Amino acid sequence: MGFSGMVLMLFLSASIICPVSGIIGANWGTQSTHRLPPEIVVRMLRENGFQKVKLFDADYDTLRALSNSGIEVMVGIPNDMLLTMASSKAAEKWVSENVTDHIKNHNVNIRYVAVGNEPFLETYNGTYLRTTYPALQSVQSALVKAGLGSKVKVTVPLNADVYDSSSGLPSGGDFKANIHDFVLQIVKFLSDNGCPFTVNIYPFISLYIDPGFPVDYAFFDGNATPLNDGGAIYSNMFDANHDTLVWALRKNGFGGLPIIVGEIGWPTDGDRNANLQYAQKFNQGFMAHISGGKGTPMRPDQINAYLFSLLDEDAKSIAPGNFERHWGIFYYDGRPKYSLNLGTTNSGSLIPARGVQYLERKWCVLDPNARLDDPQIAPSVSFACSLADCTSLGYGTSCGNLNAQGNISYAFNSYYQIHDQKDEACKFSGLGAVVRSDPSTQSCRFGIMIQPYYGSADRILGHPRTLHLVSGFILSLWTILELHSLPAISL
């Protein structure tokens, strides 16, 4: 594959939303076993100068915490509700409960409703192709009926499956033939209602799927060999992929449709290219890239963007990769991961969350007296990781240099912390031991969980739940065990 072809080996997601200011925003996901209290997160958003936030649901407590904050908000409707939302009555009820009530009674600045999330993804096999647009229409009609049509607009988050390039260059961009009509139907609706197209760009994924991809092209420091597309010069992947969408819109008669970057970021763990150094380099480079009002070769105006993501989420599916739980610029407890100047604070750096409550300073580790050839070790580690988060273990990760005891202890402690340090959560057939001395190393942090958050209506939002697990990760874990001469078991 040539260099220009590699430029488009990038996982993109797209959504179409309505205009926002040029201030940087943040994606706030909540797929965590222990959520920070929403009030703490909102205060952290405000103290860091974020003036817009993108949510993936319409959680009641989250929206109440955003009341009177002035922060612009996008709420979401999941894919499994699209068929229901095609009904005008259902859409009106949802809008009344999740939009109107919060705007009129609690002063929440809701500006957008995301109808579905990547509903045209190829892996869905067309399940939502015919229900997305009717839901989009119904929700927008419900907003108009509620008197919010001019204030709140709809959006449909779309995945990179919707477009590609015939030439491997941005100028070859177009929407894919098999879903062309479905995409244009949505694009026309948005254009008719004065809303822009938003694209989520992830250069990291190109490095993840193609080890031969030129690393320098993922960043903004100008060290990559530039790409010439008919006189348009591209020195970084962001500009090239952004303009691939510009060409796709242009070829279909919507060349003037504004574009917003809905998600952009870099993970910090779970893969050899997911680390603090690269994440800081990418996100700071992106902030510098957009701070002067310079856009891309095809769109040289100001870029509006939402960083992905605000916080790590330890309950996200790791089907795409172990890095999925590490996109945050803050750790799960609101501690900044690295120095990042957003241009929004006097200090020029990220401000940590305040008022965070932790569990006791104690950890669960492998009992020092346990034998590494104990036949219960492998199944115990498997059990722990299937119900906790072991994505920081493995080649190239922050905890990749642990020895056998360290790997086992990390797995045990993750399970122990996620299950609120309950005594029975450190048994592991007699292999576990609770210690008060921090087992962390210079690069590998053995965490202490935050206190469970109890939301309204007796909902326990910090209660442990089964995490998504893929067999590939368990198999890689067995490789770790075997490398340290530990017994493995069949799955």
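Guide: Happy to! One term before we start: a residue counts as buried when its relative accessible area is under 20%, and as exposed when that area is over 50%. Please also keep in mind that this is a predicted model.

Visitor: Thanks. So is Cys-399 buried or exposed?

Guide: Cys-399 has a relative accessible area of 2%, so this residue is buried.

Visitor: And which residue does a disulfide join to Cys-399?

Guide: That would be Cys-444, with an S to S distance of 2.0 Å. The link between Cys-399 and Cys-444 is right-handed, with 85° about the S-S bond. It ties together distant parts of the chain, 45 residues apart: Cys-399 sits in the loop between α11 (377-386) and α12, and Cys-444 in the loop between β16 and α13 (471-483).

Visitor: What about Cys-444, is that buried or exposed?

Guide: Cys-444 counts as buried, because its relative accessibility is 1%.

Visitor: How many disulfides are there by this count?

Guide: The count comes to three. As a reminder, a disulfide is a covalent bond between the sulfur atoms of two cysteines. Another one is formed by Cys-364 and Cys-426, whose sulfur atoms are 2.0 Å apart. The torsion about the S-S bond of Cys-364 and Cys-426 is about 85°, so that disulfide is right-handed. This pair also links distant parts of the chain, with Cys-364 in strand β15 (residues 363-366) and Cys-426 in the loop between α12 (404-418) and β16 (432-435), 62 residues apart. Both Cys-364 and Cys-426 are buried.

Visitor: And Cys-385 with Cys-390, what is the hand of that link?

Guide: Left-handed, with -90° about the S-S bond. The sulfur atoms of Cys-385 and Cys-390 are 2.0 Å apart. Cys-385 has a relative accessible area of 2%, so it is buried, and Cys-390 is buried with a value of 1%.

Visitor: Let me zoom out. How many helices and strands does the protein have?

Guide: There are 13 helices and 16 strands. The protein has 491 residues, and 58% of them count as buried. If you take contacts between residues at least 6 apart in sequence, 74% of those join residues at least 24 apart.

Visitor: Now helices. At what angle do α6 and α7 pack?

Guide: Helix α6 (residues 132-145) and helix α7 (residues 180-192) pack at about 15°, and their axes are 10 Å apart. Angles under 35 degrees count as roughly parallel, and therefore α6 and α7 are roughly parallel to each other. The crossing of α6 past α7 is left-handed.

Visitor: Which residues meet there?

Guide: From α6 you have Thr-132, Tyr-133, Leu-136, Gln-137 and Gln-140, and they meet Gln-185, Ile-186 and Phe-189 of α7. By type, the residues of this contact of α6 with α7 are four nonpolar, four polar and no charged.

Visitor: Jumping to α2: which of its residues are buried?

Guide: In helix α2 (residues 38-47), the buried ones are Pro-38, Ile-40, Val-41, Val-42, Met-44 and Leu-45. What covers these buried residues of α2 includes β2 (25-28), β3 (52-55) and α3 (60-65). Just after α2 comes Gly-49, which takes a positive phi of about 80°.

Visitor: Is Ser-429 buried or exposed?

Guide: Ser-429 is exposed, at 56% relative accessible area, whereas Asp-420 is buried, at 17%.

Visitor: And which residues does a cis peptide bond join?

Guide: Phe-308 and Ser-309, with omega about 10°. You will find Ser-309 in the loop between β14 (305-307) and β15.

Visitor: Last one: where is Leu-393?

Guide: Leu-393 is in the loop between α11 and α12, and it is buried, with a relative accessible area of 3%. Leu-393 and Asn-322 are 71 residues apart in sequence, and their C-alpha atoms are 9.4 Å apart in space.

Notes:
Residues numbered from 1 in each chain as written. Predicted model: local features only at pLDDT ≥ 70, side-chain atom pairs only at ≥ 80, totals over all residues. Heavy atoms only, no water. Axes fitted to C-alpha atoms, helices over the stretch in contact; angles between N-to-C directions. Helix = DSSP H or I, 4+ residues; strand = E, 2+ residues; numbered from the N terminus. Parallel < 35°, antiparallel > 145°, perpendicular 65-115°, else oblique. Left-handed = near helix turned anticlockwise from the far one by under 90°. Contact = heavy atoms within 4.5 Å. Nonpolar A, V, L, I, M, F, W, Y, C, P; charged D, E, K, R; others polar. Disulfide = S-S within 2.5 Å. Buried < 20%, exposed > 50% of the residue type's maximum accessible area, 1.4 Å probe, protein only.
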